Amino acid sequence: MRHIQDPASQRLTWNKPPVNVLVIRKIRDESLVEPFKELCHFLVEEKGMLVFVERRVVADVSLTTDETFTSIRKQLCTFREGYDDISHCIDLIICLGGDGTLLYASSLFQGSVPPVMAFHLGSLGFLTPFKFESYKTEVAKVFEGNAAITLRSRLKVKVVKDMLQRTGQPGQQQYQGSGGQGQAGGQPDTEHNGLLPHGHTNSEAGNITLQMQVLNEVVVDRGPSSYLSNVDLYLDGRLITSVQGDGVIVSTPTGSTAYAAAAGASMIHPNVPAIMVTPICPHSLSFRPIVVPAGVELMITLSPDARNTCWVSFDGRKRQEISHGDCIKITTSCYPVPSICCHDLVYDWFESLAQCLHWNVRKKQARLADDVSDSSDTEN
């Protein structure tokens with residue numbers, strides 16, 4: 001029998017009391033300076049925590065010139081993204097801002113991620129369920145381990161350059177790998193039952209130029225070109241389809257309420273193990289978004305007959321060009337983001353749908369007057 005986990009059983013449990021807290025603040029927003037100072041003072045002075053913050057946050061003029069904050073500022077541990085590795089010394093992450101702060105927190109931890117507590121101090125706030133007005137009470141509850149968590153799955157993404165090695169004469173484009181040849185074209189090689197031909201790829205070839213964890217989505221688009229993007233989509237080595245349009249979005253359930261929702265995808269609860277594939281303005285009347293099981297490997301390549309290159313971005317960052325012979329490999333990561341819930345993982349999600357996206361908001365239909373009966377009843 002298949003066991004289905006009760007969502008209510010996902011609770012935060014500390015093996016040892018938390019000591020090191022990472023505070024992430026939305027930069028270039030002066031309205032967050034005071035909440036940031038209040039939180040740091042509370043964590044350092046009242047809770048005795050060791051607080052880590054980004055160096056550029058502490059270097060803010062409004063903080064360096066504030067004499068009342070000087071003693072706290074000297075006790076803060078600073079780091080620089082891309083230079084200092086803090087992934088193994090953080091017990092808890094507290095975000096002050098919008099959804100972007102949670103995405104940024106995810107990018108800092110390419111392995112295991114500490115629990116994340118996000119306060120809604122930004123614009124949308126779909127992923128930030130806590131209100132800052134009661135931060136002392138809420139943080140104290142989390143320190144006690146009295147909280148539900150949502151395990152938000154991430155995508156493990158690799159960009160491989162020159163994986164598909166091009167050979168052949170001009171006008172007769174082919175791709176050669178380690179074990180044969182496959183004709184270039186939009187359809188799979190029927191000789192291989194639609195499987196990716198052995199001669200089409202070489203697992204030993206190519207250079208991995210980027211490998212990262214993505215919380216929301218991987219977006220492949222046509223970039224500045226006026227032509228349609230034309231990319232091939234493979235699932236576990238089998239050619240599924242070619243995407244002709246503005247591009248394609250591969251997203252997590254968490255990302256299903258972001259760009260994918262704007263492109264017409266269904267919204268999926270973050271506890272559902274799945275990967276979403278959503279075309280962006282496809283030049284087809286029948287290309288609907290699909291959901292595939294978590295754990296499969298998706299591969300996206302530029303179609304051999306594509307007229308232009310395409311571009312890829314990861315949670316809106318690290319945008320780069322994809323050319324012929326390059327590929328993007330995507331699968332479910334084994335390192336989710338444990339997001340702390342304000343109430344519980346079901347209530348929080350529907351609350352965000354209602355408050356942030358105004359899901360199913362409609363003026364209520366008025367009831368019939370007592371003296372008005374249905375016309376069909378009158379006829380009967």
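Contact, in the legends below, means heavy atoms within 4.5 Å of each other. This is a predicted model: local features need pLDDT of at least 70 and side-chain atom pairs count only at pLDDT 80 or more, while totals for chains, interfaces and linings use all residues. Residues are numbered from 1 along each chain as its sequence is written, and side-chain values use heavy atoms, leaving out hydrogens and water.

**View 1. The whole chain, before we zoom in.** The protein chain has nine helices and 22 strands (DSSP runs numbered from the N terminus: H or I of at least four residues for helices, E of at least two for strands). Of its 380 residues, 48% are buried (buried is under 20% relative accessible area, exposed over 50% and partly exposed in between, using a 1.4 Å probe and protein chains only). Among contacts with a separation of 6 or more, 73% are between residues 24 or more positions apart.

View 2. Strand β12 runs over residues 217-221 and includes E217. Beyond its neighbours within four places in sequence, E217 touches I249, V250, S251, G255, A258, Y259, S313, F314 and D315.

View 3. Side chains of opposite charge can pair when their charged atoms come close. R319 and D221 form a salt bridge, 2.9 Å from N to O (a side-chain nitrogen of Lys or Arg within 4 Å of a carboxyl oxygen of Asp or Glu). R319 belongs to strand β20 (residues 317-322) and D221 to strand β12, 98 residues apart. D221 is buried because its relative accessible area is 15%, whereas R319, at 43%, is partly exposed.

**View 4. D246 and R222, a tie between two loops.** Here the salt bridge spans 2.8 Å from N to O. D246 sits in the loop between β14 (238-245) and β15 (247-251), and R222 in the loop between β12 and β13 (229-235), so the pair ties together parts 24 residues apart in sequence. Both partners are partly exposed: D246 has 23% relative accessibility and R222 has a relative accessible area of 25%.

View 5. The closest N and O atoms of E54 and R56 are 3.2 Å apart in a salt bridge. E54 is buried at 8% relative accessibility, while R56 is partly exposed at 46%. Elsewhere, a salt-bridge network links E34, K37 and D66. The structure holds nine salt bridges.

**View 6. Helix α6 and its cover.** Y135, E138, V139, A140, V142 and F143 are buried in helix α6 (residues 135-143). Elements covering them include β1 (20-25), α1 (33-46), β4 (92-97), β5 (116-120) and β22 (337-340). Just after the helix, G145 adopts a positive phi of about 80°.

**View 7. The lining of the largest pocket.** The lining comprises 20 residues, with I90, D91, S112, P114 and P115 nearest the pocket's centre. On a 1 Å grid over the protein atoms alone, with a 1.4 Å probe, a pocket is an open set of points with protein on both sides within 12 Å along at least five of seven lines; lining residues have an atom within 4 Å of a point. Eleven lining residues are nonpolar, seven polar and two charged.

Note on methods. Nonpolar A, V, L, I, M, F, W, Y, C, P; charged D, E, K, R; others polar.
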